[in-house]
There are 2 protein chains.
Amino acid sequence: MEMETFDNLSGVSFRPQESLSIGAQLHRILRAAIIRGDLVPGQAISEIEISKKFSVSRQPVREAFIKLGEERLIEVLPQRGTYVRKISVKEVLDARHLREIIEVSIVREVAEKHDAELIRTLRELVAAQKQVPQGDNQSFLLLDEEFHRTLALSAGREYAWRVTEGIKAQMNRVRFLTFGSATPMQQLADEHAGVIDAIEAGDADLAGKRMEQHMRTLITTLPLMAERYPEHFVAE
Amino acid sequence: MEMETFDNLSGVSFRPQESLSIGAQLHRILRAAIIRGDLVPGQAISEIEISKKFSVSRQPVREAFIKLGEERLIEVLPQRGTYVRKISVKEVLDARHLREIIEVSIVREVAEKHDAELIRTLRELVAAQKQVPQGDNQSFLLLDEEFHRTLALSAGREYAWRVTEGIKAQMNRVRFLTFGSATPMQQLADEHAGVIDAIEAGDADLAGKRMEQHMRTLITTLPLMAERYPEHFVAE
DNA sequence: CTATGTATACTTGTATACTAGCATTCAAAT
DNA sequence: ATTTGAATGCTAGTATACAAGTATACATAG
């Protein structure tokens, strides 16, 4: 039988590694749990405990712990124990600061490109954000993430986006604390829209200013949260 | 016997964890080996191979591999093998770009503080840099790292510095390729001095400009290296 | 009552054995 | 000659067992 050759496989996207390893899955699950606050700051989590809870061995748990440690979401103390890191106000502010200069730099870059297709994509995202029902913070967070990711990648700044993902993790821990109160989704979506307007107008300065303001909005509740939930934060 | 109490232990700095775990040591060793180019890009390195070479089990090697994978220095392909990542010109440029905005932001911040003590420390570092004998790239690299670290930490930007460490790893891979040729230590040290001058003068704009230029100097050899050692770089 | 030693039950670190997926070789079938 | 498929030897992923450091409780000596 002859080998049939296909030249037209353009539409087919083959995704290897679709089923992640147990360790990788655990990492994803625990990461989300910490950010959401299901695992509370300061809480002890041993490898054995987690391995029993998920009916796996300690090794994949160790793998997840190593990664979480690198992301500074947990702290592994050899022969002592592993703890969910408490939130550090100083570290969050430091991380936010870095994110600000990254995102401002990106948006300024994008503002000078005049990419109509991109503008359309961004506007769709903001429209979707405005339709998220009050209280569905999870959905809004995903759309928010998509917005900033689209901006970063359209500027070809993949490295910057990877860094931003880590920063967002720290910032979102605070945001989830705030979710008891109402999230100002409308305000955030409006700020997004304002940034898009400035980009479309090709006004890099304005776009930068608005992104700067947006980055500040994201942690307005930080001091309040630190005061309301002191046990979630490191004493400093 | 009575318990004697000490109130004056200020000078004593007790360092727990002075002896790192095998996994942590392997991570450090392999990281340096990859950056120096002792492990060449594209080379296959299996867990067993490394574990035998260092007479340890696979587990600590796995721990090191996980961390190296996170740093994008190796690529782990499940059930296939682990390879030293080839250098990506695009990624290095992207990383450098991020480093530029970080370091410029830091130096601008520092320029407005007028910290005489800091200025003195920085000048000492540059003086030491100028005394490094031609060819001793390792020593110069350490002093260079110290210079930028001092700047970042004096601005209280620890998060930014952690990110910069990762970026430097990528950039230094190129720099070590260049070490066959001569490293322009004098030029780099002079640029450092120029930055300090601007900081001392409190001229944030100038300090930023000079740091920007410095960041560009650091990768001038990139296109040449990519052409001379194509097998070390990913095709793109 | 206080200080100290000790047993014990934790913790993470490391070693070893086993599982399962992938690539290559090579023989067999067409 | 070409294709297929099984065998083999590699790889990383996972499970289990053991080693070693730490914290706690508690008995014991002073």
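Visitor: How many residues of domain 1 of chain A are in contact with domain 2 of chain A?
Guide: Contact means heavy atoms within 4.5 Å. Here, 9 residues of domain 1 of chain A touch 10 residues of domain 2 of chain A. An automatic or database domain assignment sets the bounds, giving domain 1 (22-84) and domain 2 (89-232) in chain A. A note before we go on: this is a predicted model, where local features need pLDDT of at least 70, side-chain atom pairs count only at pLDDT 80 or more, and totals for chains, interfaces and linings use all residues. Residues are numbered from 1 along each chain as its sequence is written, chains are lettered from A and ligands numbered from 1 in the order in which they are written, and side-chain values use heavy atoms, with hydrogens and water left out.

Visitor: How much area is buried between domain 1 and domain 2 of chain A?
Guide: Buried area is the accessible area (1.4 Å probe) that two parts lose on being put together, summed over both. For these two domains of chain A that is about 850 Å², with 50% from carbon and sulfur atoms. On the domain 1 side, Ile35(A), Arg36(A) and Pro41(A) lose the most area, together 56% of what that side buries.

Visitor: Which residue meets Glu91(A) in a salt bridge at 2.9 Å?
Guide: A salt bridge is a side-chain nitrogen of Lys or Arg within 4 Å of a carboxyl oxygen of Asp or Glu. The partner at 2.9 Å, N to O, is Arg72(A). Between domain 1 and domain 2 of chain A, the rule finds 1 salt bridge. Glu91(A) also forms a salt bridge with Arg162(B), where the closest N and O atoms are 3.6 Å apart.

Visitor: And between the chains, how many salt bridges are there between chain B and chain A?
Guide: The count is 8. On chain B, α3 (58-70), α4 (89-111) and α7 (158-178) each give two or more residues to the side that touches chain A; such helices are DSSP runs (H or I, at least four residues), numbered from the N terminus. The largest share, 10 residues, comes from α4(B).

Visitor: What area do chain B and chain A bury between them?
Guide: They bury about 2,500 Å², 58% of it on carbon and sulfur atoms. Asp94(B), Leu98(B) and Tyr159(B) supply 24% of the area that chain B buries against chain A, more than any other three residues. The contact takes 28 residues from chain B and 28 residues from chain A.
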